[in-house]
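Please read them with the structure open.

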Amino acid sequence: MLSVILLGINSIIGSGIFLLPGQAEALMGPASILVFIFDMLLIVSIALCYAEDATYFKSNGGPYLYAKEAFGDFVGYEVGFSVWAISIIAWATMANAFTTALSAIFPVLQQAIWKDLTILILLGGLTLVNISGITLTKVVNNIVTIAKLLPLVLFVVVGAFFINGAHFTPFVVTNASFTNSFGSAAILIFYAFTGFEAIAIAAQEFRNPQRTIPMAIMVVLAVVAVLYIAIQVVSIGILGGSLAGSTAPIQDGFEKILGPVGKTIVAVGTIISILGVATAQSFYLPRIGSSMADNGVMPKIVGYRNRRNVPAVAMVISFLIAYPLAISGTFQTLAAISVVSRFAQYIPTILAVLVFRRRKTQTGASFRVPFGPVLPVIAVVVSLWLLSKATGFQLIMGLGCLVIAVPFYFLTAHRQQA
């Protein structure tokens, strides 16, 4: 169970919480704490649906499997296709986050040419490492677990003694309408909570998954939610209004407490954490595309493996899509796009709960989402409301993969019939 919980924490805590508190403050002021609570409630509602869905299956697949079983091949295909797209967007977001964090130490990286070059070196280097067959994931994951949690916990524990209560007033939004500001902040901060679905996708790797996955998801999200809300409270309490202009708020907050040493501790932890997550993503990212090709979802060439058994073509395709995305906008823009794209798998997974209750029998566990069908319905309605607050650009970039998938689906179906 502990290994599953650590996997979930590693999958969720990445770049978002290190970089986004300032953006939430800029949109909502001290009321940004309410945004974290709102996103926590929404992600828990979604996760509860994942947890119940998991009790009906023992095999890998997660949202793809749930959508296919509940709504048929086409919807399952759409969700499965979007998983690779979502992973590529997430990798691009992580690369952009890496340069954002690094620029807090080396301001020259804020210039476009150096920022783009850094992203190229990072993504290109990880691509070459993977193609060559060198795997660093075990070492990376161990380092990442410590590197990401230690500075965050230290920041909360130490920072709690430096909170200035005056920084929490006025507890209102003054720069725009509450609804618009809240919606924009909620989309942005929601990014920091995503990633828990990795537990469900790897269900087959765990012992007694029908019982393990629901419990692990709840424990992981409880730990993450408490930590995130505490970080936002401490960030506001220490930095006050200056938090809104901070691109690396935890670094700035620790610098105010401990001086340059504090900033360095968080900066190193942030960079190692993001680099580690980006490295882990680069390992499983091409294997998503390769698996799709093996199952006839993508052209066979996408599944090509080199002599080191690495899906080299899928790796190169991932790089060619991720790099333009990574340099096309800011971390905040890419994070919002990543959130929008996630709902392509979240909403079908939520609705699948209602279908499985009528059609399937749970095996090995009896976990159910509380309040009958009410909570899944509320989760869908709130998710759609959140999507309505996205910009047209974010919706096109985030959900465009669903449109792109359509011709691939019919071509695949035609080949199978031929």
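1. The model is predicted. A search of the whole structure gives 13 aromatic pairs. One of them is Tyr-50 with Tyr-346, an edge-to-face pair at 6.1 Å centre to centre and 85° between the planes. Tyr-50 belongs to helix H4 (residues 32-54) and Tyr-346 to helix H15, so the pair links distant parts of the chain, 296 residues apart. Both tyrosines, Tyr-50 and Tyr-346, are buried.

2. Tyr-77 and Phe-81 make a stacked pair, because their ring centres are 6.2 Å apart and their planes meet at 25°, under the 30 degrees that counts as stacked. Both residues lie in helix H6, four residues apart, about one turn of the helix. Tyr-77 is buried at 6% relative accessible area, and Phe-81 is buried at 9%.

3. Tyr-50 and Tyr-346 also belong to one aromatic cluster, together with Tyr-66, Phe-190 and Phe-343.

4. Helix H15 covers residues 331-359. At 1.5 Å a residue, its 29 residues should span 42 Å, which agrees with the 42 Å between its end C-alpha atoms. H15 has a kink of about 30° at Ala-344, shortly before Pro-348. Of the 29 residues in H15, 23 are buried.

5. The second largest pocket has a volume of about 370 Å³. It is lined by 16 residues, and Phe-81, Ala-85, Ile-321, Cys-401 and Ile-404 are the closest to its centre. Helices H6 (73-103), H14 (312-328) and H17 (392-417) each give two or more residues to the lining, with H17 giving the most, seven. By class, the lining has 14 nonpolar residues, two polar and no charged ones.

Methods: Residues numbered from 1 in each chain as written. Predicted model: local features only at pLDDT ≥ 70, side-chain atom pairs only at ≥ 80, totals over all residues. Heavy atoms only, no water. Expected span 1.5 Å × (residues − 1). Bend = angle between axes of the 7 residues up to and from the residue. Buried < 20%, exposed > 50% of the residue type's maximum accessible area, 1.4 Å probe, protein only. 1 Å grid on protein atoms, 1.4 Å probe; cavity = no way out; pocket = protein on both sides within 12 Å on 5 of 7 lines; lining within 4 Å. Points joined across faces, edges and corners; volume = space filled by probe spheres on them. Nonpolar A, V, L, I, M, F, W, Y, C, P; charged D, E, K, R; others polar. Phe/Tyr/Trp six-rings, centres within 6.5 Å; stacked < 30°, edge-to-face > 60°.
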